[in-house]
Amino acid sequence: MPTSTEKEPAKSAYWAGVRDGAPFILVVVPFAVLFGVVATDAGLTLAQAMGFTVLVIAGAAQFAALQMMVENAALPMVLLAALAVNLRMAMYSASLVPYLGPAPLWKRALVAYLNFDQTYMVAVTRYEARPEMSVDDRVWYFFGVATPIVPFWYTMTLVGILAGTAIPDAWALDFILPIAFLAMVAPMLKSLAHVAAAAMSIFVALALNGLPSGTGLLIAAFAAMITGVVVEIWQERRA
């Protein structure tokens, strides 16, 4: 049995994570409520919308998939769109291996479920700043960061769903989904590669507007990723 002194560092790491994750509640709440409202407006039942948010737990992918569903895209297209948006999670997971690789399987599985932008960014920043942290401390810090965020994501999605059912159809909230995308994407345009990728996605999506539902958007997403990579490589060579 571990002694109390051995348990203390993990406990401290966990509460440090809770403290560092708490500010993200301010970001999570409006987007969770918005997803609940839009999911309801798109025709999802309470069980479907809540199942969506609990299983996927990734705002951008959820909004992307929902947009495709609203456009009556085929299921494979919906899944591919969500996968394209969430490809960065594979890179997140790969970069966490040196820090969390030796952890038990159940802990790594839970980290994989809780691995999204906020938990990853905060955790990796901490790991890099404190290389002396043990694997157990790193895992519990990661769980701590997720603790204040995830319950609010679930709860506020439910609030949005219940609010959405109370909104009259005459209010016509179809415009909310594209506005939500703009609100998520705009702060991410921090470099030339980001701007080039966004411009390419707009151009390709408009050019392929006549294709079957979802196809043009999916092609535009992959074209944007390729453009971003090419521009980044070009910038590195220039530097």
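**Reading a helix pair**

Modeller: Helix 2 (residues 25-41) packs against helix 4 at an angle of about 15 degrees, and their axes are 11 Å apart. The model is predicted: local features need pLDDT of at least 70, side-chain atom pairs count only at pLDDT 80 or more, and totals for chains, interfaces and linings use all residues. Residues are numbered from 1 along each chain as its sequence is written, and side-chain values use heavy atoms, with hydrogens and water left out.

Colleague: How is the angle between helix 2 and helix 4 to be described?

Modeller: Two packed helices are described by the angle between their axes and the distance between the axes. Here helix 2 is roughly parallel to helix 4, because angles under 35 degrees count as roughly parallel.

Colleague: Which residues make the contact?

Modeller: Contact means heavy atoms within 4.5 Å. Helix 2 contributes Phe31, Leu34, Phe35, Val38 and Ala39, and helix 4 contributes Gln62, Phe63 and Leu66. By class, seven of these residues are nonpolar, one is polar and none is charged.

Colleague: Which residues of helix 4 are buried?

Modeller: Buried means under 20% relative accessible area (1.4 Å probe, protein chains only). In helix 4 the buried residues are Ala61, Gln62, Phe63, Ala64, Ala65, Leu66, Gln67 and Met68.

Colleague: Is glutamine 118 buried or exposed?

Modeller: Glutamine 118 lies in helix 8 (residues 117-129). Its relative accessible area is 18%, so glutamine 118 is buried. Leaving aside neighbours within four places in sequence, glutamine 118 is in contact with Phe24, Val145 and Ile149.

Note on methods: Buried < 20%, exposed > 50% of the residue type's maximum accessible area, 1.4 Å probe, protein only. Helix = DSSP H or I, 4+ residues; strand = E, 2+ residues; numbered from the N terminus. Axes fitted to C-alpha atoms, helices over the stretch in contact; angles between N-to-C directions. Parallel < 35°, antiparallel > 145°, perpendicular 65-115°, else oblique. Nonpolar A, V, L, I, M, F, W, Y, C, P; charged D, E, K, R; others polar.
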